[in-house]
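Open the model in your viewer and keep the sequence panel beside it. The stops below say what to select next and what is there.

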Amino acid sequence: MTKTLHHPGRRLGILSVDEGTTGTRAGVVQDSGAVTHLAYRTIAVDHPDEDSVEQDPMEIWSATLDVCREALAGARADGVEIVALALSTQRATAMLWDRRTGLPLVPACVWQDRRYARDLLGYEAAWDERLLARLGRPVGSRAPFHWAARQIAERPEVAEAYKAGTLVFGTVDTWLAWRFTGGAAHAVSASNAGSIGAYLLREHAWDREWIEHLGYPLELLPDLFADDDLGYGRTDPELLGVELPLAAVMGDQHAALIALGGLAAGQGMCMYGTGTFVDAATGRTPAMPIPGIAGVLAQPGWRQGDTTHFSLEAYCSTTGSALRWLCDDLGLFASPAEIGELAAGVDAGAGPREWFVPALAGIRTPEWRPEARAALGGLTLATTRADVARAVLDGIAHSVCDLIDGVAATMQAPFARLRVGGGVAGSDTLMQIQADLVGLPIERAADSATASLRGTAYLAGVREGLWSSLDEVVEAQPRGRIFEPTTTPDRRATQRAAWRSVLAGYPA
């Protein structure tokens, strides 16, 4: 049962936003820690070519403003007093806009974009070792600062704004904070900055040497803020009809880590969304990447005041988006729910006969293969739609297991606890497959779909005095369903070995 945190005579709440890759939601996180008055809008994602992924910044802004107004209206009607605004956002999606007009100059470059992956590969030999030691991550397959530099060089409208001194660069959190505060705040929060690939972990500062090497003008750098920084200021009252402190701004996975209880070293979470992210808290000292373990990144989990709480992360770019692609684009299944229903009736046996590698945007873990493509193989005349459905869920679960294994190996310790959330985690079939392959109990959060929205609100609420600490509000939340492993260690080892054979043998 949820514990109610009382504030006598008042019903208080945080207006919280979760701006994701495919949609934006807002809700009111009340002083019990529960979410009410949810509103949601979808957001289009464009694929101009096989490597480019783009979005319209104005669509992101208008959708975010719409859901905030809807949630606020519900709160007012219900007598809930809103005391602050909190933002969690997709990370490493970069934007350029003109300060004079407030309008974007080019489409946003989404975090899944790989258009400059080949360029960046050329930097790995000279820079990977340095960046791993300083940033907790290698060069990688995307670099928002490199993208921005190329836009300045190649797009006349961007070059003109730069010459005029009106060009503004930022990620989604920068864009939304800038809009909500009427242009007063031009900043990136620590948890978002860590994903851009130029954030000095120990110093809470930009890596100016690397940024300058990428060709980005240093004078355009946004300010670096803590995730609960007072510097964001207050919202423009004309936007929401009320002036609210912008009390917390976080990357979505970092916010989810808080909401799912990843507050102490070894506690972890897995968020199944457009992509799937595995994160684990590592305490106040960063646990740095280990040679030979690809794709596991050290990050600022969140920065609260002057204290950074660090984390490790590994991710697979296309899991939920792979399900959407199979259903909406290819029409192989009516819905992700149908995939789960069909897969539930199929026994995977000792290893995959049919197999699916969800590498629609490359592979990061267990091996760094940015040019890898998705593949569906092992098909015969006896293969049924149910077999394909099982192969799809097995492929997602094995890919996530690779992430969990990589993070645990980098921590040099097993997970103390693993909680999961996100829309794709709603599949009981997938969760049971995942528990069997990982060999650990998996707890699906009771309100898993709102984890990012709640986590950033909890940080804001601590700053605004709704709760005394993150532990207080997180531990007051109801527990979720636990999926226990049902397979034997020997069978698990056989299945994992078969998956590794698939990855080693299929063409990139």
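Select Thr429 and show its surroundings: setting aside neighbours within four places in sequence, Thr429 is in contact (heavy atoms within 4.5 Å) with Gly340, Ala343, Ala344 and Leu393. Thr429 belongs to helix α14, residues 428–438; helices (H or I, at least four residues) and strands (E, at least two) are DSSP runs, numbered from the N terminus. The relative accessibility of Thr429 is 18%, so the residue counts as buried, a word that here means under 20% relative accessible area, with exposed over 50% and partly exposed in between (1.4 Å probe, protein chains only).

This is a predicted model, in which local features need pLDDT of at least 70 and side-chain atom pairs count only at pLDDT 80 or more, while totals for chains, interfaces and linings use all residues. Residues are numbered from 1 along each chain as its sequence is written, and side-chain values use heavy atoms, with hydrogens and water left out.

Next, select strand β17, residues 307–316. Nine of the ten residues in β17 are buried.

Leu297 stands opposite Glu313 in β17. Follow the chain from β16 to β17: the two form a hairpin with two residues between them. Gly305, in the turn, has a positive phi of about 65 degrees.

For the last stop, display the aromatic side chains. Rings of Phe, Tyr and Trp (its six-membered ring) pair if their centres lie within 6.5 Å; planes under 30 degrees apart count as stacked, over 60 as edge-to-face and the rest as tilted. The count by this rule is 14 aromatic pairs. One of them is Trp127 with Trp210, a tilted pair with 4.8 Å centre to centre and 45 degrees between the planes. Trp127 is in helix α3 (residues 124–135) and Trp210 in helix α8 (residues 208–213), so the pair links distant parts of the chain, 83 residues apart.

How accessible is Trp127? Its relative accessible area is 6%, which makes Trp127 buried. Trp210 is buried too, at 2%. Select Arg130 as well: its charged end sits over the ring of Trp127, 3.9 Å from the centre (NZ of Lys or CZ of Arg within 6 Å of the ring centre and within 35 degrees of the ring normal). Finally, select Phe145, Phe169, Trp206 and Tyr216, which ring pairs link into a cluster.

Definitions and conventions: Pairing = 2+ DSSP bridges.
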